Every structure is written in C-alpha cells, then in structure tokens.
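This report describes one protein chain, beginning with a single residue and then widening to the whole fold.

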Amino acid sequence: MTVLLHEVPHEVGDFAILVQSGCSKKQAMRLQLLTAVGALAGTAFALLTEGGAAGSEVAGGTGPGWVLPFTAGGFIYVATVSVLPELLREASPLQSLLEVLGLLGGVVMMVLIAHLE
C-alpha cells in the first residue's frame, strides 16, 4: 500500500513534467512505460547482485554496498540538474527556499535510512 501511495503521485508528476517539456501525451505514456520497465530491470539486477537475501553467499552480500549509493546519486543528480532549476525559474523566493529545503530534507532522509537500515 505504501508503494502504491508513493508511486501513483510520482508517476502523475513525471507524466506532467514530460508533457510540460513538450512531449505529446502518447509519447509521455511510452516514456513512462519505458522507465517502469527500467525500474523492474534495475530491481531484478539489484536482487541478483545481492543474491536475493542480505548476507547471501551467492554474491558475497556486496550488492547494496555500491547499488544504493549509485541509485541515490542518480536521484540527486536528476533533482538538482533537471527538476530543481525548472521549479526555481517560476517560483517566488519563499517557494524556491521551500523547494531547496525539501530537496535537502530528502537527502537527509536517504542518509538516515541508509544508516538505520
């Protein structure tokens, strides 16, 4: 249920960004499908590098040692290079500050989750 509550607004937001960037609705849907297939492939890859379980002997349990930082870095890169400048362009100074604080809050949450996991 948590994944559903996260992913539905996430996908709607991605769709809106694609349409706003000039994609037709049909192109945006195709790109969303492509990213969903990529997410499934990435999940399968992460599970295979981990061997399906934490501490598995299949891959030596080393998967998350490089998969999680790589993934987090990708999200931070996309947020800071693609999404944030677009949001800041049309925002008031207060709204811009809130958006930057939201981004930093997300980074802090990723670090906390990584340390507490």
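Glu99 counts as buried, because its relative accessibility is 17%; buried means under 20% relative accessible area, exposed over 50%, and partly exposed in between, with a 1.4 Å probe and protein chains only. This residue is placed in helix α4, residues 93-116. Helices (H or I, at least four residues) and strands (E, at least two) are DSSP runs, numbered from the N terminus. Apart from neighbours within four places in sequence, Glu99 is in contact with Leu84, Leu87, Leu88 and Ala91, where contact means heavy atoms within 4.5 Å.

Ser96 also lies in helix α4. At 15% relative accessibility, Ser96 is classed as buried. With residues up to four places away in sequence left out, Ser96 touches Leu88 and Ala91.

## Basis and confidence of the model

The model is predicted: local features need pLDDT of at least 70, side-chain atom pairs count only at pLDDT 80 or more, and totals for chains, interfaces and linings use all residues. Residues are numbered from 1 along each chain as its sequence is written, and side-chain values use heavy atoms, with hydrogens and water left out.

The chain has a mean pLDDT of 79, and 85% of its residues reach 70 or more; pLDDT is the predictor's confidence in each residue, from 0 to 100. Confidence is highest in helix α2 (residues 25-50), at a mean of 85, and lowest in helix α3 (residues 63-89), at 75. Where pLDDT is low, the predicted coordinates should not be read in detail.

## Overall fold

The chain contains four helices and zero strands, giving the pattern α-α-α-α along the sequence. Of its 117 residues, 9% count as buried. Among contacts with a separation of 6 or more, 16% join residues 24 or more positions apart.

The unreviewed UniProt entry carries the annotation "transmembrane region" for residues 33-54, 66-84 and 96-116; such annotations may be inferred rather than shown by experiment, and their positions follow the numbering used here, with feature names shortened. In the model, residues 96-116 are 100% helix and 0% strand, and the end C-alpha atoms of this span lie 30 Å apart.

## Surface

The accessible surface of the chain is about 8,900 Å², and carbon and sulfur atoms account for 74% of this area. Areas come from the Shrake-Rupley method with a 1.4 Å probe; for residues, only the protein chains shown count as cover.

A nonpolar surface patch is formed by Leu88, Leu94, Leu97, Leu98, Val100, Leu101 and Leu104, with about 610 Å² of accessible area together. Helix α4 supplies the largest share of the nonpolar patch, six residues. Leu101, which lies in helix α4, is partly exposed, with a relative accessible area of 47%.

Key
Patch = residues over 30% accessible without salt bridge, like charges linked within 9 Å, V, L, I, M, F, W, Y side chains within 5 Å. Salt bridge = Lys/Arg side-chain N within 4 Å of Asp/Glu carboxyl O.
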